[in-house]
Amino acid sequence: MTNRGEERRGVGAQAGSPTPFGNYDNWIGTRVPVATPGTPVQGPEITIPDGVALLVKARNENTNRIYYQRTSESVLNSNQRFSLDPGESVSYFVTTASLFWFDAVTAGEGVEISVEIGRPRGSGILPEFRI
């Protein structure tokens, strides 16, 4: 546990960097729309480097909530799914964006996802990634 204002760093951290690998030199993002409410959509196959979080954000233009969960069945279950209001975001340290399933109240609404990729600056390490 760290105190407020302290920086948490792992082995091999770059000076001044909050991550163990330094800052990445690139990022990717995409939109995941839900065409038909009640028909879940799986997140894309984006492999996420170790130490990097996937950001999932409900689009600002949405008029209703977006739901997400780990399976297509559980995202349809109101007792198991999580929700995001328009503009709200969450981040998870997961291995791929395809672990997420999305559903919407309104057709055509959805989420935006983004993740840092590429070479950590100054590390000489190139994590494996694919889309």
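Let me start with aspartate 85, which at a relative accessible area of 34% is partly exposed, and please keep in mind throughout that this is a predicted model. The side chain of aspartate 85 meets that of arginine 65 in a salt bridge, with 2.9 Å from N to O. Because aspartate 85 sits in the loop between strand 5 and strand 6, and arginine 65 in the loop between strand 3 and strand 4, the pair ties together parts that are 20 residues apart in sequence. Arginine 65, for its part, is partly exposed as well, at 40% relative accessibility.

Salt bridges that share partners also join Arg31, Lys57, Arg59, Glu61 and Glu112 into one network. Within it, glutamate 112 bridges to lysine 57, with the closest N and O atoms 3.7 Å apart, and this pair connects strand 3 with strand 8 across 55 residues. Glutamate 112 also forms a salt bridge with arginine 59, at 3.5 Å between the closest N and O atoms; arginine 59 lies in the loop between strand 3 and strand 4, 53 residues away.

Valine 115, leaving aside neighbours within four places in sequence, is in contact with residues including Trp27, Ile46, Ile48 and Leu54.

Finally, alanine 97, in the loop between strand 6 and strand 7, counts as buried because its relative accessibility is 2%, under the 20% cut-off. Its C-alpha is 7.2 Å from that of leucine 54, although the two are 43 residues apart in sequence.

Key:
Residues numbered from 1 in each chain as written. Predicted model: local features only at pLDDT ≥ 70, side-chain atom pairs only at ≥ 80, totals over all residues. Heavy atoms only, no water. Contact = heavy atoms within 4.5 Å. Helix = DSSP H or I, 4+ residues; strand = E, 2+ residues; numbered from the N terminus. Buried < 20%, exposed > 50% of the residue type's maximum accessible area, 1.4 Å probe, protein only. Salt bridge = Lys/Arg side-chain N within 4 Å of Asp/Glu carboxyl O.
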